[in-house]
Amino acid sequence: MLTVIMECHDQEPELAQTLSVLVAGAVEGLVSDVIVLDHGSRDGSSIVADAAGCRFYQQWDMKELLATARGEWLLLIEPGARLGLGWVDEVAEYVALNKAPARFSEARRYRLPFYRRLTRSRQLLENGLLIPKRQALGLAGEGRELLQLARGHKPRRLASEIIPSWVAREARR
């Protein structure tokens, strides 16, 4: 089972996009729960999360939060990111056979031009992070951010693609 965790701030449309893709994982029994960590949103993020059955937090302690996660694996992802076809089967197989963290492959259709890929700084959760709950609990510190859990890994690369959240942000502009 898998717990999906996202952080958001005024990202209602992006949150809805990502949650809609996760439905397939819930139907297949892979996604057990979704946790949305909010940094003071003033839009309808809480309404979208509630309608989707997510746990929504505005204040949290990362260690306590991870301890309450139902899944033995965590998927850390940005609101607006969309997982490609086949992700449910691949993730189910991966978590059954592996113990190391993994990231999704960047969607070929949405790659930035070569020079722009070289010159920009990549977000740590741009390609998501699949990590065992036990390992994440060991990394969780006093802070409140998922980025602490994403640093310092040499994750494996999954064949399933992810459309990064920046695509949704640029489409909204």
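The structure holds 0 disulfides, a disulfide being a pair of cysteine sulfur atoms within 2.5 Å. This is a predicted model, in which local features need pLDDT of at least 70 and side-chain atom pairs count only at pLDDT 80 or more, while totals for chains, interfaces and linings use all residues. Residues are numbered from 1 along each chain as its sequence is written, and side-chain values use heavy atoms, with hydrogens and water left out.

C8 is buried at 2% relative accessibility. Here buried means under 20% relative accessible area, exposed over 50%, and partly exposed in between (1.4 Å probe, protein chains only). C54 is also buried, at 11%.

**Salt bridges**

The count comes to 2 salt bridges. The rule asks for a side-chain nitrogen of Lys or Arg within 4 Å of a carboxyl oxygen of Asp or Glu.

| Salt bridge | Closest N and O atoms |
|---|---|
| R55 and D33 | 2.7 Å |
| R108 and E161 | 3.0 Å |

R55 sits in strand β3 (residues 55-57) and D33 in strand β2 (residues 31-38), 22 residues apart. Helices (H or I, at least four residues) and strands (E, at least two) are DSSP runs, numbered from the N terminus. D33 is buried, at 5% relative accessibility.

R108 lies in the loop between β6 (102-106) and α5 (114-119), and E161 in strand β8 (residues 156-163). The pair therefore ties together parts 53 residues apart in sequence. R108 is exposed at 61%. E161 is partly exposed at 21%.

A search of the whole structure finds 1 aromatic pair. Rings of Phe, Tyr and Trp (its six-membered ring) pair if their centres lie within 6.5 Å; planes under 30 degrees apart count as stacked, over 60 as edge-to-face and the rest as tilted. The rings of W73 and Y94 have centres 6.0 Å apart and planes at 75°, so the pair is edge-to-face. It links distant parts of the chain: W73 in strand β4 (residues 73-76) and Y94 in helix α4 (residues 87-97), 21 residues apart. W73 is buried at 8%, and Y94 is buried at 9%.

Which residues of α4 are buried? They are W87, V88, V91, Y94 and V95. Seen down the axis of α4, the buried residues fall within an arc of 135°, so they line one face of the helix. The arc is taken from the directions from the helix axis to the C-beta atoms. On the other side of α4, D89, E93, A96 and L97 are exposed.
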